[in-house]
Number of protein chains: 2
Amino acid sequence: MQAAQTIAQEGLEAPTERQRAVLDAALALLVDPNETLTMTSVARRASCSKETLYKWFGDRDGLLTATVQWQAAKVRAVQLPQAGLDRTALAGALEQFAADWLRVLSGTTSVALNRLAIGQAQTLRGDLGRIVLENGPVAMGRRLRPVLEAGQAAGLIACDDVETAFRTFFGLVVRDLQIRLLLGDRLAPGETEIRREAMRATQQFLALYGAGTGQNAHHLQQEGTR
Amino acid sequence: MQAAQTIAQEGLEAPTERQRAVLDAALALLVDPNETLTMTSVARRASCSKETLYKWFGDRDGLLTATVQWQAAKVRAVQLPQAGLDRTALAGALEQFAADWLRVLSGTTSVALNRLAIGQAQTLRGDLGRIVLENGPVAMGRRLRPVLEAGQAAGLIACDDVETAFRTFFGLVVRDLQIRLLLGDRLAPGETEIRREAMRATQQFLALYGAGTGQNAHHLQQEGTR
DNA sequence: AAAGGAGCGTACCGTACGTTACGGTACGGC
DNA sequence: GCCGTACCGTAACGTACGGTACGCTCCTTT
């Protein structure tokens, strides 16, 4: 069992137990504000040699990439049931989705990872930004789209572009929270606040895109395109 | 005229002509993706000595801080007229505001500065994050608040918390644009797209918070607080 | 039991960069 | 005319860190 040990080449190989421990060490360093992630610090914290790090991950960039992907792999799941969709079920699904997203977003890990990716996005070669993007907003959209489409099919949502509807939902949920957290603002919302915000965002979204309630404003979609 | 030349101590002193040129050089380096901002590169580009940089700005951090403040000082202005407010005027003001904000947000300078501030926000001492925050979302809120309050006073906007309304407007305008740009996504919107988005955000905002049209949904405000 | 590899610890190298020091020039005041 | 000051250009220093090399231990395989 020698092959499939180096993560560096392609992100295809799944990390071994030991490698996952190393990646967790890197994550811990990334999150800890009193520490800085260097190859030396990762090796020390993971009780491994730097040589092993380079053997497994190629270089610093490979280690960071593997770390981001490892964290992304952890977050998955959280499936939304969408059978027998009525307005209440749709609202519940959106609400749960928003709350999950806010929880992830305001977590120290997410903040640290986004900072890392943003920091190296200004340089040329930066897969990190793309990876975080892929596992952040894009993944959120991919998971939310079937829900919105189901709502559309059930006549609960009126919009001519699911993508636009998703981005609006994103804005209503996140607002200025993420940029503030990234800039160092201390305002990590508590659980009750998250639930309240998720509810507000959902209700606002349904007020804009919901159909069949008689008080929505879906006519905005047509006007917005001229 | 020896005093008031060092910017390092407090941000009180206004930079001299020559110092402004240095700060512009720093900004240029910051924006250029092919360059990296180092003390040496700033000195070379500004045709000044590093000794002068340290004399004026104390250290690298002081230079960065002065640079961010200098850029912030440039952006000001863009006053919104708010006399004789009716629904059309309010919508126009919001729309212009949103368009201005999108233009700033998607500019290379804003992206570079936010990246810089976010990058160093993970460390302890980071006034940069606070400064950018102060000149970003907070400044936007400060400028928008009187407009919203005027709209409220004129019975055009129904909300029990101007701050919440502002943050919602922020979300509707920015959505996922800023985080995508920061993460390196290429999608800088053109002028026509900015105008369209500003219009959409404004209409959506008025649909949620607008009063007196008979099709708004301001009742959400009460529900959202339980 | 011997051999070999995987991996730990550590010393080491090269480089980038922040910071300091120093020599040289222009200029205003005595 | 001389000194102090401000400034430029550049060399030099110290350090942090990415990357490499090497010796040692332990564990697996035969």
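Author: In this predicted model, the surface near DNA strand D has eight charged, six polar and four nonpolar residues.

Reader: Why is the pair formed by Glu51(A) and a base nitrogen of DNA strand D called a polar contact?

Author: An N or O atom in the side chain of Glu51(A) is 2.4 Å from that base nitrogen, and a polar contact is a pair of N or O atoms within 3.5 Å, so the pair qualifies as one.

Reader: How do you know that Thr52(B) makes a polar contact with a phosphate oxygen of DNA strand D?

Author: A polar side-chain atom of Thr52(B) lies 2.8 Å from the phosphate oxygen, which is within 3.5 Å, and therefore the pair counts.

Reader: What makes the approach of Ser47(A) to DNA strand C a polar contact?

Author: A backbone N or O atom of Ser47(A) lies 3.4 Å from a sugar or linking oxygen of DNA strand C, and because the limit is 3.5 Å, this pair is also a polar contact.

Reader: Which element gives the most to the surface near DNA strand D, and which has the largest share near DNA strand C?

Author: For DNA strand D, α3(B) gives the most, with five residues, while for DNA strand C the largest share, four residues, comes from α3(A).

How values were computed. Residues numbered from 1 in each chain as written. Chains lettered and ligands numbered in written order. Predicted model: local features only at pLDDT ≥ 70, side-chain atom pairs only at ≥ 80, totals over all residues. Heavy atoms only, no water. Polar contact = N/O pair within 3.5 Å; in protein donor to acceptor, adjacent residues only side chain to side chain. Helix = DSSP H or I, 4+ residues; strand = E, 2+ residues; numbered from the N terminus. Nonpolar A, V, L, I, M, F, W, Y, C, P; charged D, E, K, R; others polar.
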